[in-house]
Amino acid sequence: MALTIGKLLIANRGEIACRVIRTARRLGVRTVAVYSDADAGAQHVKQADEAYRIGPAPARESYLKIEAVIAAAKQSGADAIHPGYGFLSENAEFAEACAQAGIVFVGPPASSIRAMGGKSAAKALMEKAGVPVVPGYHGEAQDLKTFTAEAKRIGYPVLIKASAGGGGKGMRIVETEGGLAEAVEGAQREAKSAFGDDRLLVEKYLLRPRHIEIQVFADGHGNAVYLFERDCSIQRRHQKVIEEAPAPGMTAERRRAMGEAAVRAAQAVGYRGAGTVEFIAAPDGTFYFMEMNTRLQVEHPVTEMITGQDLVEWQLRVAQGEALPLTQDQLRINGHAFEVRLYAEDPARDFLPATGTLRHLRFPATGPHVRVDTGVTAGDAVSIHYDPMIAKLIVWDRDRESARRRLVGALADTEIVGLSTNRSFLATLAAHPSFAGGEVDTGFIARHRTALVPPPAPAPETAIGLVALALMLTRQSQAQEEARRSSDPYSPWHLAGGWRLNDDAHHVLRLRDPVAGEIAVTVHFRGSGVLVDLPGASVMARGTLLGTRLDAMLGGVRHHATFLRRGDELTLVIAGHNHTLMLANPLAEAGDGAVGSGGLTAPMPGKIVALRVAAGAAVKRGAPLLVLEAMKMEHTIAAPADGVVERLRYKVGDQVEEGAELVAFKVAEA
Ligand code: ADP
């Protein structure tokens, strides 16, 4: 049936906004994006048919501003709003504001959101509906005496949670009574500042549990179904990083029991639309209600992959009053799917979020086995303002092991340069034998931490060899460019390899490895290739460098890699893994002084605003050569040593790329 929603506003950003736009477009629905100042050039803005600015970068002044979103919806003539996840998706006032403005809210009724909004009230409601809840205390009294008595009754260890909680905030594990007072105080403080509500609940802390959640859907005609489970046990800091469907080891009976309990939970709050009922399961399979998320989840794609359904399409159909597209009996599980969340974060520093610019970004090829949901492209920034998720990789295959291998492959085909990410961590995790064996529970990452977050290792010889080759290929193309520009293109002086035409033209590269320290690599020119003397062995290398793509033969082995240079920083990406080396002494790269580039490259993209010298000028070390304007600031590029400016490669007003060579510089003889 055709949709009656003609225009949909997406009150969100990033990958989820792009994902909703994709389905809307497929269904012929016009799309409207909203954006903050930080997102004026973002993908979701480019992909939507229209886009409206709703405020400055901080979310509370833009994406969380109900009036601004409603105003954009009215201005654009949108007849429905999809809230995505996060932001206003579980905000009952927002759902009401939509209704008041005569706009369809693609989500449950405000009353369902309210009923499930507080963990304590929701648990009380679920108990009444006959849904098993985690043994614990979720009453009104909030004094330490009550908590102490209740914790004793429940039995240690206990978990303290913020009733208004989310994102793991305000959560404290308490092992013994001695630690209770401090934990309560800390949790109250954190809950107050995060949610403006310091009410707590106490639960039995389950050991080695699994997080298993059920996707439910209900319509306005009294139908409700479950679209099976997702296992989201692989977590760090109590937050999900890998999700899969179906759950390893799930039996048909338990699936039905959990599914039916989840449907009861939804029906108890008069639910409509997509929702997720989260359960925590003990090792023996006993499961308990934790909370219900009254929106689409980040990990919904794994359910889509195994059911073949588009959950956003279901949401839109239900929102405009249609019945659910399928009945419970018509739903089937086909194969196995995984999702990994690629985050800008540092696993070695307890997964601290990272920010920065995505200098290079490459995802695996997509198809029936691989899906990539993202809202960024190379050049975009991951800022402090929003969630640091870069993308979700979703893989599917006929069984868990085949899907897991797809996951390992997809992560190897993912390249991200510019900021720290969890890509290598996820790759190690996906390849871990215990993970392969289905040993999933919420303690997995902590238990295998040493294997999953190994100490930094020196770059392997292959990486060093490829870096040496890539540098030689860069020089060669620079020399050819010189030759093309100069009056005598056939001059032997332009050949990067044989500028002395002696028996053994060679370069000594001095590289610095962050772990191993300085490494000297001698590169000898040999016909179409180079012989690289690595610390361990000498290998022949040849290949091509097209842009950042390096295709090489190294010691008889073919390698496809990515090579990026920024100033003296050299990054080589092989099988998704980044190896970064520094040119320890860039001037040494000039070898015998033929075409000394002296590392005079643009430290960032910018515009040449002044030239301080002319070609041919002899200068002292530190003399200003030119001025580059980047990010609204001026940067003076100075002479690295006494020498001669052989050539200025750009003129005032030219735009330059990061890493572009600005000046050909010849160092004076000592
Ligand atoms: P939030 O809403 O802050 O994300 P949740 O209640 O969803 O918090 O819990 C997040 C995670 O914390 C769960 O997925 C699980 O790993 C862990 N957790 C929650 N409750 C318990 C419990 N009672 N015992 C053990 N682990 C728990």
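A polar contact is a pair of N or O atoms within 3.5 Å; within protein, one atom must be able to donate a hydrogen and the other to accept it, and residues adjacent in sequence count only if both atoms are side-chain atoms. For Glu-203, a polar side-chain atom lies 2.9 Å from a ligand nitrogen. The protein covers 96% of the 550 Å² of accessible area that the ligand has on its own (Shrake-Rupley method, 1.4 Å probe).

This is a predicted model, where local features need pLDDT of at least 70, side-chain atom pairs count only at pLDDT 80 or more, and totals for chains, interfaces and linings use all residues. Residues are numbered from 1 along each chain as its sequence is written, and side-chain values use heavy atoms, with hydrogens and water left out.

How far can the model be trusted? pLDDT is the predictor's confidence in each residue, from 0 to 100. Its mean over the chain is 92, and 94% of residues reach 70 or more. Over residues 497-502 it is below 50; this stretch has 13 contacts beyond near neighbours in sequence (contact: heavy atoms within 4.5 Å). Residues 586-598 also stay under 50, with 32 contacts beyond four places in sequence.

Back to the ligand. There are 22 residues around it, of which Lys-119, Gly-168, Lys-204, His-211 and Gln-235 come nearest (near: a heavy atom within 4 Å). Strands S7 (158-162), S9 (200-204), S13 (273-281) and S14 (287-293) each give two or more residues to this shell (strands are DSSP E runs of at least two residues, helices H or I runs of at least four, numbered from the N terminus). Domain 2 (135-204) and domain 3 (206-334) each supply at least three shell residues; the bounds come from an automatic or database domain assignment.

Domain 3 also meets domain 4 (345-454). Here 22 residues of domain 3 contact 24 of domain 4. Their centres, taken over C-alpha atoms, are 23 Å apart.

Some backbone details remain. Most residues other than glycine have a negative phi, and most peptide bonds are trans. The bond from Tyr-156 to Pro-157 is cis, with omega near 0°. Pro-157 sits in the loop between helix H7 (144-154) and S7. Asp-350 has a positive phi of about 55° although it is not a glycine.
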